[in-house]
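Keep the sequence and the structure in view.

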Amino acid sequence: MSALASLTRKPWIWSFVAAGLVWLVTVLFTGGASALGLTLAALTFSSFAIIVGTGQMLVITLGPGNIDLSVPATMTLAGTLALKFMAVDNSLILPGLLVAIAIGLAVGSVNYGLIKLLRIPPIIATLCMSFIVQSTAIWSNRGLRIKPPPALAEFATSGPFGIANVALVALLITIIAWIFLERSIYGRWITSIGQSMAAARMAGVPVDGARFLTYVICAVLASIAGYLLASFSGGAALNMGAEYLLMSIAVVVIGGTSVAGGFSNVPGIWGASLFMFLVVSMLNTYGLGAGFRMIMTGIIIIAVILLASRRNTSLT
Amino acid sequence: MSLRIPVDTIRLAVPVLALSALLIAVFWLQPRAMSYLGLNLLFNLAVPIALATVAQMFILAVNDLDLSMGAFVSFAACVTATFLHSSPLLGALILAAAVAVYAAMGAIIHLRNLPSIVVTLGMSFVWTGIAVLLLPAPGGAAPAWVRSLMTAKPPLVPMAIVASVVIALVTHLILMRTSLGVLIRAVGGNQQSVARAGWSPLLAKAAAYALAGTFAVLAGIALVGLTTSADANIALRYTLLSIAGVILGGGEFVGGRVSPVGAVIGALTLALAGSFLSFLRISPDWQIGAQGAILVIVLALRLFLNKLERQERGG
């Protein structure tokens, strides 16, 4: 009983409970026929949101005002340039990944460079950067759909026992992120910065270094997600990152990470991403159109944040 | 005894300088733009952007951020192109209800101490969803009065300039000269002291959101007046443009420090940046990127001026 009680106190449990409920309702509606297929599809399609959301979570942990708006542009640019570089050649898959990661490193470095040198809020710095990155992507893409190398496309869309490889990559990334956050000095650093930057500085935390690293990690994760998404969906498109701006913030918040910073939550990203995908597929099975789907998504995000606020006030 | 320049003047100087520099550059590249028609073409699309920027400014004044601005302006544009065109009374009622929703949003954000970024993020899905239901495909028509208002040709000065001046004046009066405006900025400055002084921060926040909703609705109407039709994604980029415009115009994210005149100038600068680049024959691919770069330059300039200001105070 006490185990259950301690479990309900975990902030991430609610996103999994919600995801489970939506899963159950959807499966019941289809008469249980789609149980396995739905689960596998959810794991596959949520993995991109999980990778991007993990990076965004690290940034949001840094405290109020820290948010990376350049995520969608970075995804698009990394996907476009990497695919262009590989030019449908199987032998260039790994160098292509390195190209994507290099783009992430560059975008992340400039992001923090702008924040630090111009002393502007991260929202504006990453916003400016996203404009510039998006333009670079438009310029290099020219509306063409470049195909991924066949072996990479095969890797992205298949996997052991029907579990897509992209989901396994997402799992690997979140495990690494969890170790970094919970078991390394870096995790302590960004959590303390999020709780009080002044106190962290006085305690000798290398505030600038930790913040720099966080923005770089976020951009690199976004570019890896862009690389995988472009390979998964058969080519890079200019709008491929668009939905991940709102999605990356939504999964962080629904997953139980504090928007005010200082408290992060890795498992919650999984619950929230699965939940967001399952909601869309549930509304799809009810035959509702895109309009209703979006309205419901919005109402759910607001409902979750309202419930979370109630929980916080009752605790204090 | 040195000449003291008020801080607010310095804040306003940067956007004015940026706009003038861009304007001079445009005139130099294309002297024919220095005419009634030329100016109208340059600034025409700036009117809805200026309205959206002013709307965002009211939210920033109470230390919040509206990530649903683009979605909401698109929604308002869709209502304008459908209901406001076919049955004006119903259309007006829907838009009034939407403003009421904005006020309620402000109240809830205050009462439950919610992060505005997340609430408006959720609302952006809702507005886009309704807009998609209203207009699944681009279409609709502009009400005749909106069309004639937006294409009016007043003597001497083009409509776009007249409209921008009116927007700047009206919002300046609301925010800087009324007691409600002072209350709104005070909530941005220090909420506790507002409450202790016996004023209601709840009222101020709801009012700020309602004003934002009102100006965003006007932005949607103005946009349809220019484009004559609408679709659910017509104004999505306004979210980022409006935030950038306020900051460009000397606004701050916290502390209730915003400038209505600066915000309008910031919006005009961003709109003009596009024309400037096309005169430079830079490919349209780079238009958004250049807006980002201009923003960076202006912010760097402001940092430089702030430093000067501090040195003068110190010395």
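This is a predicted model: local features need pLDDT of at least 70, side-chain atom pairs count only at pLDDT 80 or more; totals for chains, interfaces and linings use all residues.

Residues are numbered from 1 along each chain as its sequence is written, chains are lettered from A in the order in which they are written, and side-chain values use heavy atoms, without hydrogens and water.

**Interface.** 39 residues of chain B are in contact with 39 of chain A (heavy atoms within 4.5 Å). The two chains bury about 3,500 Å² between them, 84% of it on carbon and sulfur atoms. Buried area is the accessible area (1.4 Å probe) lost on putting two parts together, summed over both. B:Arg112, B:Phe125 and B:Asp285 supply 18% of the area chain B buries here, more than any other three residues.

**Core.** The largest nonpolar core has 213 residues, and A:Ile124 and B:Phe58 touch the most other members. Such a core joins buried Ala, Val, Leu, Ile, Met, Phe, Trp, Tyr and Cys through side-chain atoms within 4.5 Å; buried means under 20% relative accessible area (1.4 Å probe, protein chains only). Helix α11 of chain A gives the largest share, 16 residues. Beyond four places in sequence, the contacts of B:Phe58 include B:Thr171, B:Leu211 and B:Phe215.

**Helix pairs.** Helices are DSSP runs (H or I, at least four residues). Axes are lines fitted to C-alpha atoms over the stretch in contact, with angles from 0 to 180 degrees between N-to-C directions.

| Pair | Axes come within | Crossing angle |
|---|---|---|
| α5(A) and α11(A) | 7 Å | roughly 140° |
| α6(B) and α12(B) | 7 Å | roughly 145° |

Terms used
Buried means under 20% relative accessible area, exposed over 50%, partly exposed in between (1.4 Å probe, protein chains only). Helices (H or I, at least four residues) and strands (E, at least two) are DSSP runs, numbered from the N terminus.
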